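The sequence and structure come first.

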Amino acid sequence: MCGIVGYIGNNDCSDILLDGLTKLEYRGYDSAGIALLNKGIITRYRANGKLRNLKKVIYSVKNVEGSIGIAHTRWATHGIPSEKNAHPHNSENFVIVHNGIIENYRELKSFMIENGTKISSDTDSEMIVHLIEYYYKKNLNFENAVIKTIKKLEGAYAVLVISKLEEKLIAFKKDSPMIIGLSDEGTYVASDVPAILSYTNKFIYLNDGDLVIITKSDMKITDFELSPKEYNIKTLNISPLMAEKGEYKHFMLKEINEQSRSVADTFRGRILKGGDELDLDISNLDSFIKNDLQKIVITACGTSWHSGLIGKYLIESIARIPVEVDYASEYRYRNPILDKNTLVIPISQSGETADTLAAVKMAKKEDSKILSICNVFNSSIPRESDAVLYTYAGPEIGVASTKAFTTQMSVILLLALYFKKVKTSVLDKKILEGALLLPENINKILKTSEYIFTLSQKYHLYSDFLYLGRGLNFPIALEGALKLKEISYIHAEAYPAGEMKHGPIALIDENMPTFIIVTDGNNYDKVLSNLQEIKARKGKVIAIATEGNKEIKDFCDDVIFVPKTLNLLEPFLNVIPMQLFSYFVADIKGTDVDQPRNLAKSVTVE
Ligand code: M6R
């Protein structure tokens, strides 16, 4: 789970590569490096820790030149974060960067050691460069040495290779993402679009089994036998600014504040005529939904799994189709019952999460239909799917997912209504009208940021929090707790409010505040009773309640009011104060909000 960038063209490329790595730091940030080819000499620069350390190294050196280069930002899998384990890795004539995992690296390592190769790092990736060197020395040319190497690799890889012997960049991939960017100034290769969006909007999305041979004047895409392959160039209309921080201190804060726009964008073109029509552009599934669909399985990880839980509530209550929701990491190994009457809905912001992708591949083998919900265009999960519904959140850079979550819920809501429409010809226009008001209501909550900041100041020193909600608000409690723990490192756990008296209530005292969602929807009175049980045990309570609730202040320490909406739409609003609270607490504590410790944005390994 790393970020890679490469360039070959007319310009000196150290700044291009560093800029690309900056945009990819969300993929890994425990060490970084670049290698530049200039007049037959390759110079490598590597540094442990954040990218700023690599930048310091490079800026302290004069004459950093090269119009061919490769770069890498690492999230360690094999070998601790350190300079010696940082990419690029080299041999006598070649240098590589790698994203993925080489599963048979031990076997390859023994082979290389037996052949007298000196291994310099603890990584699996280093074996790739030594194998290329090994085959090159067996009288194969650059391309054929790479091909021979690929045949020996087991696992997942997106690899860039340069050689001091030729002005050429070779890229190849299997099960790890890689794209090519084209411009008159040169050819770019990267793990993800934002890395090179400042230089081009013309992209080729590589498929598994693609090998790309790029010189300054030419580019060829072949398979792993060097037979030419056809490809499509896609023009993307995303502004580079969408992938940048703008006026905000952190990407996470920017992304929280974008949610009114991103939810509106996700509805745009789908909810038509003020809520009188719904068009999801998945009519290829209509006959299946109407005649064959018996069960839905939603599979996802982390925050996307929480939106899957919301999906269960929405689809079952609106469309009356049974829904199972599973963590992808569990689902893929539990021998689940799948068949051709099952619709599997993977939900993923990145579209690259290894467990979710594996669950999809497993479901495909059982002939189930796949309808994915994803934020990254043409990423691996959409490409494995029968149909895709994109969330139009725009690039999400902060490791903690925020705008992806609300746009995922937006798509799921529309999907639930669509299922009902296809099955019964009834469209719940009232819900669609309510949905169209969500962006405005999200904005109202965002305007209370200053007040939520004061609550964060009041509560940031507590070391444990409990989050409670019922029904549709239970997944929101889970999401609130996940947000707090992943960026502020404060312990937080979530329960359905009604479950509290079966154990968690034992934790309650004045040192463990509870965040409780007590908005007007179903079970208001019951959640209010749960709240009183906490107060009776001297617990501090922050409540999220509906505007106009006059009694709630008497029962809790602090209240955050949210606008009134339909019961089914409450999660869209209730999650926003929780995101803001977590953000402010983390910022007050001074943690690395966008790149919290031990995490990475895109979990492309098991
Ligand atoms: O890209 P995905 O949506 O598949 O990612 C799933 C999880 O890794 C992700 O939601 C993770 O839990 C985030 N850190 C949550 O903020």
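A backbone N or O atom of Val399 lies 3.3 Å from a nitrogen atom of the ligand. On its own the ligand has 410 Å² of accessible area, and the protein covers 91% of it. The model is predicted.

- The side chain of Ser350 has an N or O atom 2.7 Å from an oxygen atom of the ligand.
- Thr303 takes part through its backbone, where an N or O atom lies 3.1 Å from a ligand oxygen atom.

**Ligand: surrounding shell**
- There are 14 residues around the ligand, and those that come nearest are Ser304, Ser348, Gln349, Thr353 and Glu486.
- By class, the shell residues are eight polar, four nonpolar and two charged.
- At least two shell residues come from each of helix H9 (302-319) and helix H16 (473-488).
- H9 gives the largest share of the shell, with three residues.

**Helix H2**
- Helix H2 spans residues 51-59, and its residues Leu51, Leu54 and Ile58 are buried.
- These three lie on the same side of H2 because they cover an arc of only 55 degrees around the axis.
- Arg52, Lys56 and Tyr59 are exposed and sit on the face of H2 turned away from its buried side.
- The packing partners of the buried H2 residues are helix H1 (14-24), strand E2 (31-38) and strand E3 (41-48).

**Thr356**
- Helix H11, residues 354-365, contains Thr356.
- Thr356 counts as buried because its relative accessibility is 1%, and the cut-off for buried is under 20%.
- Leaving out residues up to four places away in sequence, Thr356 touches Thr299, Ala300, Cys301, Ala328, Pro346, Ile347 and Ile381.

**Ser488**
- Ser488 is located in helix H16, which is also one of the helices that supply at least two residues of the ligand shell.
- Ser488 has a relative accessibility of 1% and therefore counts as buried.
- Its side chain reaches the backbone oxygen of Leu484 at 2.6 Å.
- Beyond its neighbours within four places in sequence, Ser488 is in contact with Val585, Ala586, Lys589 and Thr591.

Terms used. Residues are numbered from 1 along each chain as its sequence is written. This is a predicted model: local features need pLDDT of at least 70, side-chain atom pairs count only at pLDDT 80 or more; totals for chains, interfaces and linings use all residues. Side-chain values use heavy atoms; hydrogens and water are left out. A residue is near a molecule or strand if one of its heavy atoms lies within 4 Å of it. A polar contact is a pair of N or O atoms within 3.5 Å; within protein, one must be able to donate a hydrogen and the other to accept it, and residues adjacent in sequence count only if both atoms are side-chain atoms. Accessible areas come from the Shrake-Rupley method with a 1.4 Å probe; for residues, only the protein chains shown count as cover. Helices (H or I, at least four residues) and strands (E, at least two) are DSSP runs, numbered from the N terminus. Ala, Val, Leu, Ile, Met, Phe, Trp, Tyr, Cys and Pro count as nonpolar, Asp, Glu, Lys and Arg as charged, and the others, Gly among them, as polar. Buried means under 20% relative accessible area, exposed over 50%, partly exposed in between (1.4 Å probe, protein chains only). The arc is that of the directions from the helix axis to the C-beta atoms. Contact means heavy atoms within 4.5 Å.
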